[in-house]
Amino acid sequence: MKRYLVTGGAGFIGSNFVLHLLRAHDDVRVVNVDALTYAGNLENLREVEGDPRYAFCQADIRDAEAMAAVVAAEEPDYVVNFAAESHVDRSIEDPGIFESTNVGGTVNLLNVCRAAWERPGGGVGEHRYLQVSTDEVYGTLSLDEPDTFFRETTPLSAHSPYSASKASADLFCRAYGDTFDFPVLITRCSNNYGPYQFPEKLIPLMIHNAVHHEPLPVYGDGLNVRDWLYVEDHCAAIDLVLRKGRIGEVYNVGGHNERANLDIVETIIRLVSERLDDPEINDGLITFVEDRKGHDRRYGIDAGKIAAELGWEPKTPFEEGIEKTIDWYLAHADWVERVTSGAYKAYYEEMYGHRGAARA
Ligand SMILES: NC(=O)c1ccc[n+]([C@@H]2O[C@H](COP(=O)([O-])OP(=O)(O)OC[C@H]3O[C@@H](n4cnc5c(N)ncnc54)[C@H](O)[C@@H]3O)[C@@H](O)[C@H]2O)c1
């Protein structure tokens with residue numbers, strides 16, 4: 001049986017990952033450690049609340065004592081660090097929290113795991129630490145060179161405070177591997193989409209606004225390009241890298257699916273309009289707004305290494321993934337409503353508040 005400690009498991013990708021693990025493996029223990037910031041929502045994990053293989057613990061990855069206690073109690077084989085501040089726009093407004101959580105929190109977690117795993121005679125046994133990183137650490141590519149892609153060897157060249165914090169964390173992870181022989185792995189993935197994404201991010205925001213006939217704000221000329229991957233495919237990649245990846249390596253993860261933001265928005269408008277049979281949901285809702293500061297033009301990822309070494313390929317074509325995603329948001333209007341109104345925080349209080357802050 002493998003024991004996983006998942007940080008940030010109440011967020012978008014983390015909660016999909018927890019659900020993925022419990023569906024994919026019978027003999028597994030999954031402990032979700034999350035501080036429950038505005039982005040953490042335990043409602044995402046409602047279906048596994050009673051599962052004896054799963055436990056939740058509210059804690060901050062920057063809290064050395066709390067993290068050491070949970071690692072000592074749970075003795076995880078694998079630690080997967082999703083916990084982060086993840087929204088580029090927020091990092092432009094308030095860079096400090098990104099440095100604190102994404103860099104300081106990661107270093108704290110590395111220290112806690114190192115202390116727990118290091119053996120007197122050297123080595124760390126079968127343990128593995130996986131840092132969930134992003135393609136944004138590589139900086140930007142040009143639209144004029146569509147055949148150029150980020151490889152694992154591409155120098156880090158972050159531009160936003162968010163990507164700078166993620167790149168710093170990656171460097172600390174690599175340094176712990178090189179300096180302390182710490183068993184670290186890093187995945188760098190492109191943009192994810194799918195169920196349970198906080199509706200401040202592009203795809204759920206556009207679905208929400210389209211449904212409500214509200215303007216769909218598009219940065220600049222709308223031609224910034226991102227690679228999009230269905231979240232379930234990312235979860236499968238992370239689990240595979242944890243179990244089979246070579247320690248010390250970085251693995252890029254991507255969808256072979258580059259699209260301009262405007263293309264994404266137009267696709268959402270068309271599909272939502274069709275599903276709701278509502279002609280008032282149309283391109284007239286698109287509103288171009290002042291470009292994001294330092295907006296990277298294009299991200300394009302070469303995921304050839306993980307394909308060649310581990311046999312991972314994205315399984316969900318974009319056309320299928322975006323339809324599934326839109327259908328999920330339309331079917332879960334109550335979830336979206338609770339998140340946008342802030343009412344989801346009351347759910348935690350109701351479920352866990354009276355039992356004390358931390359539960360393992
Ligand atoms: N969303 C993407 O497209 C994408 C792509 C590549 C990589 N990533 C990376 O994947 C990870 C998860 O991204 P996401 O989109 O699910 O983010 P998210 O914002 O939806 O979730 C982040 C989670 O981390 C928790 N958290 C924040 N600060 C914490 C702290 N100090 N201690 C404990 N928990 C804390 C939050 O409560 C939340 O549950 C991040 O590290 C992000 O950089 C995201």
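Axes are lines fitted to C-alpha atoms, for helices over the stretch in contact, and angles run from 0 to 180 degrees between N-to-C directions. The model shown in these views is predicted.

**View 1. Packing of helix α4 against helix α5.** Helix α5 covers residues 161-180, and its axis lies 8 Å from that of α4, at an angle of about 15 degrees. Angles under 35 degrees count as roughly parallel, and α4 is therefore roughly parallel to α5. The crossing of these two helices is right-handed. On the α4 side the contact involves Pro-95, Phe-98, Glu-99, Asn-102, Val-103, Thr-106, Val-107, Leu-110 and Arg-114. Facing them in α5 are Pro-161, Tyr-162, Ser-165, Lys-166, Ser-168, Ala-169, Phe-172, Cys-173, Tyr-176 and Phe-180. Sorted by class, the residues of the contact of α4 with α5 comprise twelve nonpolar, four polar and three charged.

**View 2. Packing of helix α1 against helix α7.** Helix α7 consists of residues 231-244 and packs on α1 at an angle of about 65 degrees, with the two axes 9 Å apart. Because of this angle, α1 is roughly perpendicular to α7. Their crossing is right-handed. From α1, the contact draws on Ile-13, Asn-16, Phe-17, His-20, Leu-21 and Ala-24. The contact of α1 with α7 contains eight nonpolar, three polar and two charged residues.

**View 3. Packing of helix α6 against helix α8.** The crossing in which α6 passes α8 is right-handed. Helix α6 contributes Leu-202, Ile-203, Met-206, Ile-207, Ala-210 and Val-211 to the contact, while α8 contributes Asn-261, Ile-264, Val-265, Ile-268, Ile-269 and Val-272. Eleven of the residues in the contact of α6 with α8 are nonpolar, one is polar and none is charged.

**View 4. Surroundings of helix α6.** Eight of the ten residues of α6 are buried, and the helix is thus mostly covered. The buried residues are Leu-202, Ile-203, Pro-204, Met-206, Ile-207, His-208, Asn-209 and Ala-210. Besides α8, the elements against which the buried residues of α6 pack are β7, β8 (216-219), α10 (318-331) and α11. After α6 comes His-213, with a positive phi near 55 degrees.

**View 5. The shell around the ligand.** The ligand has 29 residues around it, of which Gly-8, Gly-11, Ala-39, Gly-40 and Ala-84 come nearest. At least two residues of this shell are supplied by each of α1 (12-24), α4 (95-117), β5 (128-134) and β7 (191-193). Helix α1 gives the most, with three residues. By class, the shell has 13 nonpolar, twelve polar and four charged residues.

**View 6. Arg-226 in strand β9.** Arg-226 belongs to strand β9, which spans residues 225-230. Arg-226 counts as buried because 23 C-beta neighbours lie inside 10 Å, and 20 or more are required for that class. Leaving out residues up to four places away in sequence, Arg-226 touches Ser-190, Asn-191, Arg-259 and Tyr-299. The C-alpha atoms of Arg-226 and Ile-264 are 9.8 Å apart in space, although the two residues are 38 residues apart in sequence.

**View 7. Arg-338 in helix α11.** Arg-338 is situated in α11, which runs over residues 333-341. With 17 other C-beta atoms within 10 Å, Arg-338 is partly exposed. Neighbours within four places in sequence aside, Arg-338 is in contact with Ala-343 and Tyr-344. A distance of 9.9 Å separates the C-alpha atoms of Arg-338 and Glu-43, which are 295 residues apart along the chain.

**View 8. Two loop residues with positive phi.** Asp-181 lies in the loop between α5 and β6 (184-189). Although not a glycine, Asp-181 has a positive phi of about 60 degrees. Asp-181 is partly exposed, with 15 other C-beta atoms within 10 Å. His-256 is placed in the loop between β10 (250-253) and β11 (258-260). His-256 is likewise not a glycine, and its phi is positive, about 50 degrees. Around His-256 there are 18 other C-beta atoms within 10 Å, and this residue is therefore partly exposed.

Technical notes. Residues are numbered from 1 along each chain as its sequence is written. This is a predicted model: local features need pLDDT of at least 70, side-chain atom pairs count only at pLDDT 80 or more; totals for chains, interfaces and linings use all residues. A crossing is left-handed if the near helix is turned anticlockwise from the far one by less than a right angle, and right-handed if clockwise. Helices (H or I, at least four residues) and strands (E, at least two) are DSSP runs, numbered from the N terminus. Two residues are in contact if their C-beta atoms, placed from the backbone, lie within 7 Å. Ala, Val, Leu, Ile, Met, Phe, Trp, Tyr, Cys and Pro count as nonpolar, Asp, Glu, Lys and Arg as charged, and the others, Gly among them, as polar. A residue is near a molecule or strand if its C-beta atom, placed from the backbone, lies within 6 Å of it. A residue is buried if 20 or more other C-beta atoms lie within 10 Å of its own, exposed if 12 or fewer, and partly exposed in between; C-beta atoms are placed from the backbone. Angles under 35 degrees count as roughly parallel, over 145 as roughly antiparallel, 65 to 115 as roughly perpendicular and the rest as oblique.
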